[in-house]
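Could you take a look at this one with me?

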Amino acid sequence: MTPTARNAAIAAAATLIPAAIAAAIYPDRARALPGRIADTARDVLDGDDTDTQIRRTLARLQALTDNLDLHTRQSTPGISPGALIAAGVAAALVIPAALTAIFAPGRIRAARDRAAGTFRDDADPDLDDEVDEELSRVSERLETLTADLDRQRDDAFDSVTAAAQTDD
């Protein structure tokens with residue numbers, strides 16, 4: 001998948017997932033939204049007189065604000081705030097995992113395999129031997145690098161000392 005397609009899919013998911021959640025929590029508002037958009041567009045486009053359009057728009061806004069408390073009380077979900085917070089946390093964990101599963105299934109498999117190997121009771125002795133061998137190789141390489149650094153430091157010190165002692 002190209003980076004452009006991946007970014008477009010992430011942007012679409014970031015737009016559609018909250019819209020779907022809002023539609024699930026407030027279905028009456030979701031059903032009324034297309035009608036409201038059509039009414040507003042009709043108010044803006046109908047008539048040639050600007051003053052009439054402004055008055056009509058202001059009257060509609062006034063009607064919406066007058067009924068705001070009524071709609072808020074009626075459409076308040078019967079879900080507790082704790083459940084909403086838990087749903088938000090779950091969504092924050094599930095959505096990235098789902099996007100990763102869609103766009104990078106290899107990473108999910110690798111994470112699953114690492115977790116299965118970490119929490120497995122019957123540890124593989126060959127795996128332990130491989131880890132020990134790798135650690136010994138890394139230790140040898142670090143000792144070699146340390147020796148090289150010490151040698152270079154001594155050479156640099158001798159060069160600076162020799163340069164300081166020469167008379168020009």
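Here are my notes, starting with the model itself and ending with the charged pairs.

1. First, what we're looking at. This is a predicted model, so to speak of local features we need pLDDT of at least 70, side-chain atom pairs count only at pLDDT 80 or more, and totals for chains, interfaces and linings use all residues. Numbering starts from 1 along each chain as its sequence is written, and side-chain values use heavy atoms, with hydrogens and water left out.

2. How confident is the predictor? The mean pLDDT (the predictor's confidence in each residue, from 0 to 100) is 75 for the protein, and 74% of the residues reach 70 or more. Among the elements, helix α7 (residues 125–165) has the highest mean at 87, while helix α4 (residues 68–75) has the lowest at 56. Keep in mind that where pLDDT is low, the predicted coordinates should not be read in detail.

3. The fold is quick to describe. There are seven helices and zero strands, and along the sequence the pattern reads α-α-α-α-α-α-α. Helices here are DSSP runs of H or I with at least four residues, strands are runs of E with at least two, and both are numbered from the N terminus.

4. What share of the 168 residues counts as buried? The figure is 2%. Buried means under 20% relative accessible area, exposed means over 50%, and partly exposed lies in between (1.4 Å probe, protein chains only). The protein exposes about 13,600 Å², and carbon and sulfur atoms supply 61% of that. Those areas come from the Shrake-Rupley method with a 1.4 Å probe; for residues, only the protein chains shown count as cover.

5. Have a look at helix α5 (residues 81–103), where leucine 93 sits. Leucine 93 is exposed at 61% relative accessible area. Together with Ile85, Val89 and Val94, Leu93 makes a nonpolar surface patch of about 410 Å². A patch takes residues with over 30% relative accessible area and no salt bridge, joining like charges within 9 Å and nonpolar side chains (Val, Leu, Ile, Met, Phe, Trp, Tyr) within 5 Å.

6. The largest pocket holds about 150 Å³ of space. Its lining includes Met1, Arg6, Ile10, Pro96 and Phe103. Helix α5 gives the largest share of that lining, four residues, and α1 (3–25) also supplies at least two. For the record, a pocket is an open set of points on a 1 Å grid over the protein atoms alone, where a 1.4 Å probe fits, with protein on both sides within 12 Å along at least five of seven lines; lining residues have an atom within 4 Å of a point. The volume is the space filled by probe spheres set on the points, which are joined across faces, edges and corners.

7. Now the charges. Side chains of opposite charge can pair when their charged atoms come close. The whole structure has four salt bridges, each a side-chain nitrogen of Lys or Arg within 4 Å of a carboxyl oxygen of Asp or Glu. In one of them, glutamate 134 pairs with arginine 137, the closest N and O atoms being 2.6 Å apart. Those two are three residues apart in helix α7, so about one helical turn separates them. Glutamate 134 is partly exposed at 40%, and arginine 137 is partly exposed at 46%.

8. Further along α7, arginine 153 bridges to aspartate 150 at 3.0 Å between the closest N and O atoms; these two are also three residues apart, about one turn of the helix. Arginine 153 is exposed at 54%, whereas aspartate 150 is partly exposed at 34%.

9. Finally, arginine 151 and aspartate 148 form a salt bridge, with 3.6 Å between the closest N and O atoms. Asp148 and Arg151 are linked with Asp155 in a network of salt bridges.
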